[in-house]
Amino acid sequence: RGLLARFQVLDYLRSFLAQVTADPWRVARLVGAKVVNMWRPTWEKFQFQFPIIHIPFAVTYAILLALGLVGLVLHARATGRLSLLHVVLLYYLAAHALWWAEIRNRVYLMPYFIVFAAYAVQVVASRWPGMRRASAGG
């Protein structure tokens, strides 16, 4: 059974590589569509059914996502390396871009984005003129 499973994996890999080499732009479009589908604020049809709810949610989600990405870059620059949090985010994004991307699957990533968004806010606040840092004793 193990040998048969290995041959099946090789067959799947050959089929995948044949499809990628036959039409790489199709694969790129599919990956792009999956990324958009995973990171859009709400389910596609929801935004047209309930715009009064969708607009505020989309705006706050976009701010959180943008701050999270800024924090991700700022943290990588500040430390000069990728942390485990960076690796988790990048792995998850790559895995879902290739296999299965849905809005509900990003729920697991949002706490990481919140951490990096908080880091971005902290960095910006510490650089803001006139802002004083709170001392350890109050």
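1. The crossing of helices α5 and α6 is left-handed, a crossing being called left-handed if the near helix is turned anticlockwise from the far one by less than a right angle, and right-handed if clockwise. Helices are DSSP runs of H or I with at least four residues, strands are runs of E with at least two, and both are numbered from the N terminus. This is a predicted model, in which local features need pLDDT of at least 70 and side-chain atom pairs count only at pLDDT 80 or more, while totals for chains, interfaces and linings use all residues. Residues are numbered from 1 along each chain as its sequence is written, and side-chain values use heavy atoms, with hydrogens and water left out.

2. The axes of α5 and α6 are 10 Å apart and meet at an angle of about 135 degrees, where axes are lines fitted to C-alpha atoms, for helices over the stretch in contact, and angles run from 0 to 180 degrees between N-to-C directions. The two helices are therefore oblique to each other, since angles under 35 degrees count as roughly parallel, over 145 as roughly antiparallel, 65 to 115 as roughly perpendicular and the rest as oblique. Leu85, His86, Val88 and Leu89 of α5 meet Tyr112, Phe113, Val115 and Phe116 of α6, contact meaning heavy atoms within 4.5 Å.

3. Helix α2 (residues 24–39) and helix α5 (residues 84–98) have axes that come within 8 Å and cross at roughly 120 degrees, which makes α2 oblique to α5. This crossing is right-handed, and the residues in contact include Val31, Val35 and Trp39 of α2 with Tyr92, His96 and Leu98 of α5.

4. Valine 35, which lies in helix α2, has 30% relative accessibility and therefore counts as partly exposed; buried means under 20% relative accessible area, exposed over 50%, and partly exposed in between, with a 1.4 Å probe and protein chains only. Although valine 35 and histidine 96 are 61 residues apart in sequence, their C-alpha atoms are 7.7 Å apart in space.

5. The largest nonpolar core has twelve residues, among them Met38, Trp39, Tyr61, Leu89 and Phe113, such a core being a set of buried Ala, Val, Leu, Ile, Met, Phe, Trp, Tyr and Cys residues joined through side-chain atoms within 4.5 Å. Helices α2, α4 (51–79), α5 and α6 (110–127) each supply at least two residues of this core.

6. For the chain as a whole, there are six helices and zero strands, and buried residues make up 21% of the 138 residues.
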